[in-house]
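Subject: Structure handover

Hello,

I am passing on the structure we spoke about. Please look through it first, then read the notes below.

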Amino acid sequence: MNLRPAALFVLCLLAVGGCSSAPAHRDASTLPVPLDGATVVPERQAGTLYEAEERAVDACMTRRGFAYEPVPAFRPVSANPYGLLTEDAARADGYGLASAALDDRPADPNGPALAKLPEARRTAWQQALIGTGKRQVTLTASGAPALLVNTDGCVYLARREVYGEAWEQAEVDATGASTEVVARVAAAPEFRAAQRTWADCMAEQGERVTTLQEARGLVQDAVAEAGDDRQALLTAGRRERELARRDALCQGRGDLAAVTRAAQERVQAELPKTSWAKATQVRELRERALRRTGGA
């Protein structure tokens with residue numbers, strides 16, 4: 001029973017689509033990302049902030065009269081928002097999907113104790129953690145799906161404690177602005193031409209795909225189908241590394257990273273000041289949180 005991710009799911013319950021982020025790949029410094037990486041969180045910093053959130057959740061649950069054990073983080077799967085990939089990353093771990101699925105995810109330490117509680121007490125514990133649904137707000141931003149938030153649960157209150165009261169809306173705003181940049185770049189004639197060159201190269205390699213996201217999606221589907229079958233995941237991982245290697249090779253031939261960077265610069269030069277203000281706000285709130293938690 002992994003309750004922390006479940007709690008996050010409720011916190012991030014979206015009216016359209018699902019919870020998502022677009023952090024850069026491990027080789028982020030070599031690949032373009034929107035808005036100077038405002039929505040990108042380096043792995044070490046993400047870990048520090050997650051631990052701070054869990055400590056705040058623990059304190060909140062204690063105040064409400066419930067025992068809570070902070071849940072260890074598991075390795076996230078990151079991806080460049082445009083689907084860009086370097087050859088080094090592809091050789092090392094493909095898209096990182098199968099290896100993440102093969103990782104032994106830490107068990108939720110709250111599971112055994114929670115299972116022993118009477119049903120009414122268990123329900124109260126869960127409502128204390130993720131909220132009752134009686135105090136909800138819907139956050140909206142152009143380019144982002146609506147975000148329904150329970151404001152009376154410890155998950156939300158912990159995030160507010162770590163990042164400040166403006167965080168939830170600021171994160172939605174920055175995500176929306178970043179998503180709009182990605183969409184405009186993907187629609188740019190030069191990007192589409194480079195992607196067609198990439199697709200032709202992939203066809204020569206025996207891979208029938210038309211978009212960068214489609215290539216990664218093939219592996220996502222294989223990993224999802226494998227489920228908990230370790231042998232199937234190992235097979236999917238071998239296929240993933242082969243596909244990713246070809247993907248990165250063809251991206252290099254079409255100079256997709258450079259084309260994307262140039263298109264992004266043009267798109268961002270036309271952005272209103274409000275988009276940059278959103279990026280600045282979310283970055284400043286995150287940096288302030290890191291200073292408070294000693295992770296800066």
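Below is what was found, from the whole chain down to single residues.

This is a predicted model, in which local features need pLDDT of at least 70 and side-chain atom pairs count only at pLDDT 80 or more, while totals for chains, interfaces and linings use all residues. Residues are numbered from 1 along each chain as its sequence is written, and side-chain values use heavy atoms, with hydrogens and water left out.

The whole chain

The protein chain has 13 helices and 3 strands; helices (H or I, at least four residues) and strands (E, at least two) are DSSP runs, numbered from the N terminus. Its length is 296 residues, and 45% of them count as buried. Buried means under 20% relative accessible area, exposed means over 50%, and partly exposed lies in between (1.4 Å probe, protein chains only). The accessible surface comes to about 14,900 Å², and carbon and sulfur atoms hold 52% of it. Accessible areas come from the Shrake-Rupley method with a 1.4 Å probe, and for residues only the protein chains shown count as cover. Among contacts (heavy atoms within 4.5 Å) with a separation of 6 or more, 78% are between residues 24 or more positions apart.

Helix α7 (residues 154-163) is largely enclosed by the rest of the structure, because 7 of its 10 residues are buried. Those buried residues are C154, V155, Y156, A158, R159, V162 and Y163. Just after α7, G164 has a positive phi of about 105°.

A salt bridge here is a side-chain nitrogen of Lys or Arg within 4 Å of a carboxyl oxygen of Asp or Glu. By this rule there are 12 salt bridges. Which residue does the side chain of R159 meet in a salt bridge at 3.7 Å? That partner is E53, with the distance taken from N to O. The pair links distant parts of the chain, since R159 is in helix α7 and E53 in helix α2, 106 residues apart. Both R159 and E53 are buried.

R159 also forms a salt bridge with E171, where the closest N and O atoms are 2.8 Å apart. R159 lies in helix α7 and E171 in helix α8, so this pair ties together parts that are 12 residues apart in sequence. R159 has a relative accessible area of 10%, whereas E171 is partly exposed at 29%.

E53, R159, E168 and E171 are linked in a network of salt bridges. E168 is in helix α8 (residues 167-186) and is buried, with a relative accessible area of 7%. Leaving aside neighbours within four places in sequence, E168 is in contact with L139, Y156 and R159.

Another salt bridge

R239 and E207 form a salt bridge, with their closest N and O atoms 2.7 Å apart. This pair also links distant parts of the chain: R239 is in helix α11 (residues 230-253) and E207 in the loop between α9 (189-204) and α10 (212-226), 32 residues apart. R239 is partly exposed at 34% relative accessible area, while E207 is buried at 4%.

Two further places

A124 is in helix α6 (residues 119-130) and is partly exposed, at 28% relative accessibility. A124 and F66 are 58 residues apart in sequence, and their C-alpha atoms are 9.1 Å apart in space.

R63 is in helix α2 (residues 43-63) and counts as exposed, at 61% relative accessibility.

Regards
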